[in-house]
Amino acid sequence: MSEPVFHMISGGPRPVAPFSHAVETDGWVILTGQMPTDPENPDRPLPNGIVAQTQAVMRNLEIVLQGVRLDLRHVVQCRCYLTAFERDYAAFNETYQSYFPTDRRPARTTVGVTALAVGALVEIDMLARRP
């Protein structure tokens, strides 16, 4: 087993807690859950609604993936957290699925939670694998 590598991505989203953007070991890359913040203006108010917030989270995850020289094709698993599960689940799914071809969707768990950092409606973390 190789020693883990702790990645902080230049130009990546500002962490909302003490963590690395990603940790890599033995070809596995674990991405910390991302919020719908704007990396270029992290103090800007969050986008309105689940669709806009899901798009922002996915952009942030793509930034982290690009920072470790990967992309969404390398993602094998996602965990998704929604603060308004019943209200937002259908719109979240519609938006989320647009990022993956139907024959390459990662394994996924989606959980309803009572709250997320920065008042977000959605957070997603990922597990990716190097080819």
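This is a predicted model: local features need pLDDT of at least 70, side-chain atom pairs count only at pLDDT 80 or more; totals for chains, interfaces and linings use all residues.

Is T95 buried or exposed, judged by its relative accessible area?

Modeller: T95 is buried, with a relative accessible area of 9%. Buried means under 20%, exposed over 50%, and partly exposed in between (1.4 Å probe, protein chains only).

Residues are numbered from 1 along each chain as its sequence is written, and side-chain values use heavy atoms, leaving out hydrogens and water.

Now the setting. T95 sits in helix α2, residues 85-97. Helices (H or I, at least four residues) and strands (E, at least two) are DSSP runs, numbered from the N terminus. Leaving aside residues up to four places away in sequence, T95 touches V51, T54 and Q55. Contact means heavy atoms within 4.5 Å.

Next, the sheet. Six strands make an open, mixed sheet, ordered β1-β2-β3-β6-β4-β5. Strands pair if DSSP finds at least two bridges between them. The average twist is 15° from one strand to the next. Strand β4 (residues 75-82) runs antiparallel to β6 (residues 122-129), and seven bridges join them. C80 stands opposite I124 in β6.

Both helices pack on this sheet. Helix α1 (residues 49-67) touches β2 (22-25), β3 (28-34), β4 and β6, and its direction makes about 30° with that of β6. Helix α2 touches β4, β5 and β6, with its direction at about 155° to that of β5. Axes are lines fitted to C-alpha atoms, for helices over the stretch in contact; angles run from 0 to 180 degrees between N-to-C directions.

The cysteines deserve a check. A disulfide is a pair of cysteine sulfur atoms within 2.5 Å. The count is zero. C78 is in none, and its nearest cysteine sulfur, that of C80, is 5.5 Å away. That is too far for a bond. C78 is buried at 0% relative accessible area, and C80 is buried at 0% too.

Finally, the whole chain. Its sequence pattern is β-β-β-α-β-α-β-β. Buried residues make up 41% of the 131 residues.
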